[in-house]
Amino acid sequence: MAKQSKKKNKTVNPKLKNNIILSAKNVDVFYGKKQAINNVSFEIPENRITALIGPSGCGKSTFLRCFNRMNDIIDGCKVTGDIRFAGQDIYDPAVDVVSLRARIGMVFQKANPFPKSIFENVAYGPRIHGLAKSKDHLAEIVVSSLKRAGLFDEVADRLHDSGTGLSGGQQQRLCIARAIAVDPQVILMDEPCSSLDPIATAIIEDLMESMKKKYTIVIVTHSMQQAARISQKTAFFHLGDLVEFGDTEDIFMNPKKIRTQNYISGRTG
Amino acid sequence: MNTDHILRSFDKALNKNENLILEMGGLVEQQLKEATRALKKEDAKLSKKVLLSHNNIREMEAKINASAIQVLALRQPVAMDLRNVIMSLRIAGHLERIGQYTKNMARRTHTITKADAFTGSISTLVRMSELVQDMIKSVLDAYNTLDTSIAEEVRGRDEDVDHMHNTLFRELLTYMMEDPKNISGAMHLLFIAKNIERMGDHTTEIAQEVIFMVTGEWPVEKRPKGDKTSRMIFGPEDLGADSDQSGS
């Protein structure tokens, strides 16, 4: 009992209320006149994997991008409502977007390594954010990031080869290493496995499991099975609405809403 | 389900599974009906027929197991589809048990009929069996129509079966105390009563599984337990004025 509570205390960040690291309240997103997200509110717990699922065009990726203000760079995109990271309003004009994106990293559907060496791909972030005290320290960050991304053993002898020469799954893990290198708290993943084969997918999923001890992961996925396998919380989006949000087991075993049930079991309607 | 899967072969696979359960249920119902008729008419030939047809039920169970496992492996069902498949495995198991008890009932009927042993309380046994047959019919309807109110009602009816079992226990014990020659036949009848009582319990389990299948939640309220035979003990004084034989 004592052991359990000790373990529990370790994961609780005293600064966070109820362990909630990201929260959205009454969020609307518009592309021009078209509303993509309708009044969505929910909270994402720390050190958990939260999956956003739903059919194409349901707004799940749009919503994911709200969390690190990636929508700012899209013309005509307007986000309203309250989005907070560790209690802080991220749409506050005083927020430095570049450092916000270092705290909340992102991995995309298509692996997009820079056309540089493996080492440089990972070293880039710490260098521009001034995180490395010395050359050795930088090398240390690169190696530990590659290790955390489960890639180091495969590339240890060719760190100075081009990152684009790696396989699809390795490139994606390189992008994860690159996101990790700037020591983020949250990693947003937008369909990170959709162009990978089942083995490469399993490696990334296993990596995500081990990463959740240190990071909070929010993943958008088309694969409901993937959401079921790896996430602890699942949110189902449909036509811009958050239909249902809850523990993954509940969503897949006994969803409360008929729209969720129809979608996850492959029904029309 | 009122809505269909986008992939129509998925519906086909689930329907096949459901139809197998209904077919198996019908078979179990039919055999219990015949076993009961054999008891009522003291018909050794009919009881032998029931005895031999249990294999059909086992084959049905094997078919359901295979089809359910196939759906799990190939379709990865979730939510209600998942509950549907898992419950079909359990329901098939309960139906097989009911079939096994029916077989046992037929075997004992055959034995006492052949030996021309004591038979008493047959009409109570028949009524008890008819009650269970009605429950099986209703629970299969509930499964087929996903109607939890029917399933709830079946759960409630098991208490009546238990009460009849209590009565039979007492009646048959009285016969045994009245004349030791009755013991052999009465023991078999007592076991038949116990078999029917167990069938009622399995039917109640199926009713609970139907409720879980539809709602995703097990019924919380404990069903009424009416079987008191395990706590019953009788002496001569309990058996009234015409029990002088047992005192000697």
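This is a predicted model: local features need pLDDT of at least 70, side-chain atom pairs count only at pLDDT 80 or more; totals for chains, interfaces and linings use all residues.
**Briefing on chains A and B**

Among the contacts in chain A that link residues at least 6 apart in sequence, 67% join residues at least 24 apart.

- Taken along the principal axes, the box filled by the C-alpha atoms of chain A is roughly 55 × 50 × 40 Å.
- Of the 269 residues in chain A, 40% count as buried.

- Read from the N terminus on, the elements of chain B follow the order α-α-α-α-α-α-α-α.
- The C-alpha trace of chain B spans about 75 × 40 × 20 Å along its principal axes, and 39% of its 248 residues are buried.
- Of the contacts in chain B with a separation of 6 or more, 81% are between residues 24 or more positions apart.

**Helix packing in chain B**

- Helix H1 (residues 8-41) of chain B packs against helix H4 (residues 79-115) of chain B at an angle of about 15°, and their axes are 9 Å apart.
- Because angles under 35 degrees count as roughly parallel, H1(B) and H4(B) are described as roughly parallel to each other.
- The crossing in which H1(B) passes H4(B) is left-handed, and the residues of this contact comprise 15 nonpolar, eight polar and one charged.

Methods. Residues are numbered from 1 along each chain as its sequence is written. Chains are lettered from A and ligands numbered from 1 in the order in which they are written. A residue is buried if 20 or more other C-beta atoms lie within 10 Å of its own, exposed if 12 or fewer, and partly exposed in between; C-beta atoms are placed from the backbone. Two residues are in contact if their C-beta atoms, placed from the backbone, lie within 7 Å. Axes are lines fitted to C-alpha atoms, for helices over the stretch in contact, and angles run from 0 to 180 degrees between N-to-C directions. Helices (H or I, at least four residues) and strands (E, at least two) are DSSP runs, numbered from the N terminus. Angles under 35 degrees count as roughly parallel, over 145 as roughly antiparallel, 65 to 115 as roughly perpendicular and the rest as oblique. A crossing is left-handed if the near helix is turned anticlockwise from the far one by less than a right angle, and right-handed if clockwise. Ala, Val, Leu, Ile, Met, Phe, Trp, Tyr, Cys and Pro count as nonpolar, Asp, Glu, Lys and Arg as charged, and the others, Gly among them, as polar.
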